[in-house]
Each structure stands twice: as C-alpha cells, then as structure tokens.
Amino acid sequence: MQKILITGGTGFIGSHTAVELIAAGYECLILDNFVNSHPAVVNRIAQITGKTPLVIEGDVCDAVGLDTLFATHTISAVIHFAGLKAVGESVREPLRYYANNVNGTMTLLLAMMKANVKTIVFSSSATVYGEPDSSPIPESAPYRAASPYGRSKAMVESMLTDLTLSDPAWRVALLRYFNPVGAHPSGTMGEDPTGTPNNLMPFVCQVASGRLPMLSIFGHDYATADGTGERDYIHVMDLSEGHLAALRYLARDDAAPLLIANLGTSRSHSVLDVVTTFSRVNDLPIPYQFVARRPGDVSAYWADASYAEHTLGWKATRSLEDMCRDSWNWQKQNPQGYRN
C-alpha cells in the first residue's frame, strides 16, 4: 500500500482528497498546522472511510520537522495543499503569503530531495492567469496573476518546472483549479472557513443558516451579463477525483516529468447565478447587498479543461445544482461547521 503525504490535508480540498485516496486503496499521512482547518476533520474522514489517517501537526516551513517526517515514514508521493489562499488578504499581507506559500514549498521540496521522494501533485490555482484575453482559458495562457496570492502560486509553478528541467526523475503535476465549492454528499464534511468567509458558497450557506445577516456581493459593474463576476465553479468531489487521476498518471511509466492541467467544468456562472440557483434548489431566500470590488479580483474566467480529460481521463460531472444542494446539506447538518 502506497503512503501519500497530504500537506494541508485537513483543509477543505485536502480532506475530501484524503477520502478519495483512502477509498482507492492508498494510505494517507496528513501534515497540517490547523491554521485554517479543524482537528475534528480527522474523525469525519474516519466516519466516511472507516479508516483514521495518521495526522502530524506541523508546518511545511519547518525544515527539521519535515526531515524527521520523511525519515520516519516511507512516502511514495506528496500532494501539496498547504498554503494561504485569500486574494484580498494577500494584497494586505503580501510577505506573509510569499513566506508561507513560496518558502514553505521550497522547504518541502528540499526535504523531499533529501528523502529521494520525487513525485508531487501541487495544488495551484487559476489565479495564475489573472485577467485573461478570453475564456475558456487554456493551459498555454500567459501568467498574469493580479494578486500576491496568484503570484505566489505562479512562483511555485516556476520553481517546480525548473526542478523537472534539472532532474527528469521528478514527476510533477501542476493542477490549476478554478472555484471549488460543494461538500461530501453525506453532509459529513464541507467547507468551514475561519472567521467571515472569503469565498462565495460558504458565505451564502452562512447567510442561509442565519450565522450571517446578509451576503455581500463584491462588485456589480463588471463587464459580464449581469454585472457580477463570473467563475468556473467546480464540485470539490470532482476536484478530489482529479487529484487521484493526476497521482495515477504520474505513476505511469510513460508519464512526462511535468503535467500542467486545468481542473474546471469548462463553463462559467455569475455570482447572481449561484445565489439564485442556491435559493431555488434549497427553497431558501438569500438576502444580499452589493459592495465595492475586492482588490485583485478579475471580472470573468473559466477553464478549458479538455487537456485534463484527454490526458488524465478525468472530467467534472457534477452540476451547479449538485454543488448548491451538497453545500447546504453540509451547512444545515453542521450549522457551526466542525465546531458543533
């Protein structure tokens, strides 16, 4: 049984990916500092899978801790989620983002090299594209990140690309995903941000549950059909399946040293689309107000995900209705998130 290290494995995407990997027969070792997640996630993973993953509380910026981890455990590959991810916060605190996202990844890679572990799936982001010339966006689109968060992801991508050029024994997947939403269909796991949510769907869910009085929609004067930002929303379970597909690809004898793939649905929905669909599917009114745009946000983008389908045999299959239904199912069962 291969043991996979998942950094940030108790976070939203990491925890759902852990469930997917365990179901596929992998053993998961989670490293997390719980800055943006909750230890209760581990029990939820166990509830769903029947297996409790080993969890180490630690930080990817801790070189000594990483060296100890790799010396203690036989790791086959790494899926690297650990990182800060709020666009607006990154504009206010750029050095914190570069220190955590870029230096943390470098520290992880140095530890991997010492341990001769040379397979990594990196959780990148469509924010590396910034404001694109057009959508859908192919992987060949240039880097135009519009925030320190996006630029930190682009820097890590460049670092990993250079690594594969220096040593073709490395197997690296850069997965650029768009806007993850939804939850495990059981309602056992979902997105539980600390403080006021930065992302749309948990904000909508907390308004629906009464935790927040009103949804704030950032900007209504974008060059889109209804003036609100358009994004490619993807169900977290589709995204988790994409990580499993990438891991399996990198294990193939004919795998290229570097894989760059968009994980999205190849279509967009506006903020108002999401709000009205959520209201319709769950029969809940969502009061909202328009407020000023956030620094670093772009008007519209969505993926050309055809390369992932061709190369990985992966395709997003869940609808916006599924995303809204599963998100609310999680929230209503866990009105205070993992702190219930």
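T107 is in contact (heavy atoms within 4.5 Å) with V60, C61, D62, A63 and L66, leaving aside its neighbours within four places in sequence. The residue lies in helix α5, residues 94-115; helices are DSSP runs of H or I with at least four residues, strands are runs of E with at least two, and both are numbered from the N terminus. T107 is buried, at a relative accessible area of 11%; buried means under 20%, exposed over 50%, and partly exposed in between, with a 1.4 Å probe and protein chains only.

The model is predicted: local features need pLDDT of at least 70, side-chain atom pairs count only at pLDDT 80 or more, and totals for chains, interfaces and linings use all residues. Residues are numbered from 1 along each chain as its sequence is written, and side-chain values use heavy atoms, without hydrogens and water.

Helix α11 covers residues 320-333. At 1.5 Å a residue, its 14 residues should span 20 Å; the expected span is 1.5 Å times one less than the number of residues. The end C-alpha atoms are 20 Å apart, which agrees. Buried residues of α11 are L320, M323, C324, D326, S327, W328, N329, W330 and Q331. Their cover includes α2 (41-49), β7 (179-181), α7 (200-208), β10 (233-235), β12 (269-270) and α9 (271-282).

The axes of α1 (residues 12-23) and α8 (residues 236-250) come within 9 Å and cross at roughly 60 degrees. Axes are lines fitted to C-alpha atoms, for helices over the stretch in contact, and angles run from 0 to 180 degrees between N-to-C directions.
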